Every structure is written in C-alpha cells, then in structure tokens.
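Please examine the sequence and the structure shown below.

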Amino acid sequence: MLYTNIKDLNILYIEDDEVISHNFVSILTRLGAKVTHVTDYQEAAAKFDLGYNDFDLIITDVRLPSADTGLDFARFVRAFDKEKVIVVTSAYAETDYLLDAIEYDVDKYFIKPFKESLFFEYLDETAKKIKDKRTLGKVDVESKQKNYAADLIELQDGYYYSYTAKCFVKDGEEIPLTSQEITLIELLLENKGKIVDYDKIQNYFKQKNGKTITIDTLRTVTKNIRRKTTHSIMSTLSNIGYKMTPVS
C-alpha cells in the first residue's frame, strides 16, 4: 500500500524514545508528511498554544518524561479544539488510561507493539477524511460567497457586510450582529466615507428604535464591532463621531 493520502499531512508528533521517533519521523517524511517532533508535554503545549494550530493530526505516546502524560495533552488540546484528530500510542493497556482516552475523545488508541502497516493504514484513511472535509469546506465557502454576492459590501481586511443577512461575512462564514450593531453599521454605510457625528447617530437610533443611545453605549457597540472583525473596520474622530469606508 502506497499511503498516498499522508502526503502534505501536518502532524504534531510527541515521542521521547529516540529509536521509535526516528523510525516514524523518517517514514512519515518519506511519505510527504510535514512532521513537527517534540519529546514532552511542555514542548507540545508551546507548539500548539503559540499559534501552530494548523496541525491536521496529533500523535502522542502516553508516557512522557514529565509528570504530564500524552493523555494530559489530549485534554489540553480538547480545551481548544474539539475536532482535531488525536492518536495515542502506548505500551500500557491499563483501564485508567483507556477510560481517560475515552473521556478526552481520543480518536484512536494503539497498544504497543502494533503492526506498523495497521498504523499507517489508519493514518492514510484518516488523512483522506481530513482532506475530503477540507475540500467540502472550500466548496461551501465558495457557495456562500456566490449567494451573498448580490448585496455584499466589501470592507477592510477581507470582511464584507450583507444587507440581506444583516451580518458580517468573512471567508464565507457569517459573523452575527446585535440590533444596535446593525443599526450603526447601516447608518455609517449610508454615509460611506463621511464622519457621522454623535448627534446624528443618536437621532437615528431614536428614529429607528424609539429611544436614543448614550455615548458610553455607543462606544461599547463600536468596540464590540471591532472585536468581532478588525480595528480598521471603522474610523473614529475623537469626541465627534465615526465613519465606515467600503473598499472601492
């Protein structure tokens, strides 16, 4: 079997045994996978937590040099990511380990010694599922973008506003908004490229909602819009007002 699906798979591999790790890293690399090899929990957590979250799959031994085990790392990962594929290898079949593996939603548990062919067959099958899911995701994004195309207003840093859906859109994903956020955004877009002062904003809110909005609440609304998108989504003229400028 050629294991062709493993090519380009991005793997975080945690194993402190030099002989075992050298063997598996060599095979995975020859198959075209990108492998980040670390030897303990701390190194793995640093790689994952520092933004290296584009790993497709994590392979970890149970017993690691520190007190923290590979299953502790699985628990750490699940706090960030419920879908990341986690494969555990172990020379131990203790019930506690197996129960922890179930609790932390480990995808596969290989008990050593195991046949390498079975291990790589599993990786190949899993790699295909990961790639198929990724392809479906891209198709879905493209489909959403086509559906929105008629009324999307392009803004900064790849964000769009949809008048139909009343939400921001980025990469085909909807970013929900509150009624106050929608009211402010649509007012600023009506006056695109122009500063809209506080008085005009407050009067507009009163007309639309039957009550005005305080300056403090308005600042909170703009802060939340930026938090959901990007700081450059709108401009602020201190103590005067705001403007939103669509991309030409």
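**Helix packing, salt bridges and a surface patch**

Helix H6 (residues 179-190) packs against helix H8 (residues 215-228) at an angle of about 90 degrees, and their axes are 10 Å apart. Helices here are DSSP runs of H or I with at least four residues, strands are runs of E with at least two, and both are numbered from the N terminus. The axes are lines fitted to C-alpha atoms, for helices over the stretch in contact, and angles run from 0 to 180 degrees between N-to-C directions. H6 and H8 are therefore roughly perpendicular to each other, a term for angles of 65 to 115 degrees. On the H6 side, the contact (heavy atoms within 4.5 Å) is made by Gln 180, Glu 181, Leu 184 and Ile 185. On the H8 side, the residues include Leu 218, Val 221 and Ile 225.

The model is predicted: local features need pLDDT of at least 70 and side-chain atom pairs count only at pLDDT 80 or more, whereas totals for chains, interfaces and linings use all residues. Residues are numbered from 1 along each chain as its sequence is written, and side-chain values use heavy atoms, with hydrogens and water left out.

Side chains of opposite charge can pair when their charged atoms come close. A salt bridge is a side-chain nitrogen of Lys or Arg within 4 Å of a carboxyl oxygen of Asp or Glu, and the whole structure holds 11 salt bridges. In one of them, the closest N and O atoms of Lys 112 and Asp 61 are 3.2 Å apart. Lys 112 lies in the loop between strand E5 (108-111) and helix H5 (116-148) and Asp 61 in strand E3 (residues 57-61), so the pair ties together parts that are 51 residues apart in sequence. Lys 112 is partly exposed, at 22% relative accessibility, while Asp 61 is buried at 7%. Buried means under 20% relative accessible area, exposed over 50%, and partly exposed in between (1.4 Å probe, protein chains only). A network of salt bridges links Glu 15, Asp 61 and Lys 112.

Asp 216 is exposed at 56% relative accessibility, and Arg 219 is partly exposed at 37%.

On the surface, Ile 195, Leu 237 and Ile 240 form a nonpolar patch, with about 220 Å² of accessible area together. Patches are made of residues with over 30% relative accessible area and no salt bridge; like charges are joined within 9 Å, and nonpolar side chains (Val, Leu, Ile, Met, Phe, Trp, Tyr) within 5 Å. Accessible areas come from the Shrake-Rupley method with a 1.4 Å probe, and for residues only the protein chains shown count as cover.

How values were computed: Angles under 35 degrees count as roughly parallel, over 145 as roughly antiparallel, 65 to 115 as roughly perpendicular and the rest as oblique.
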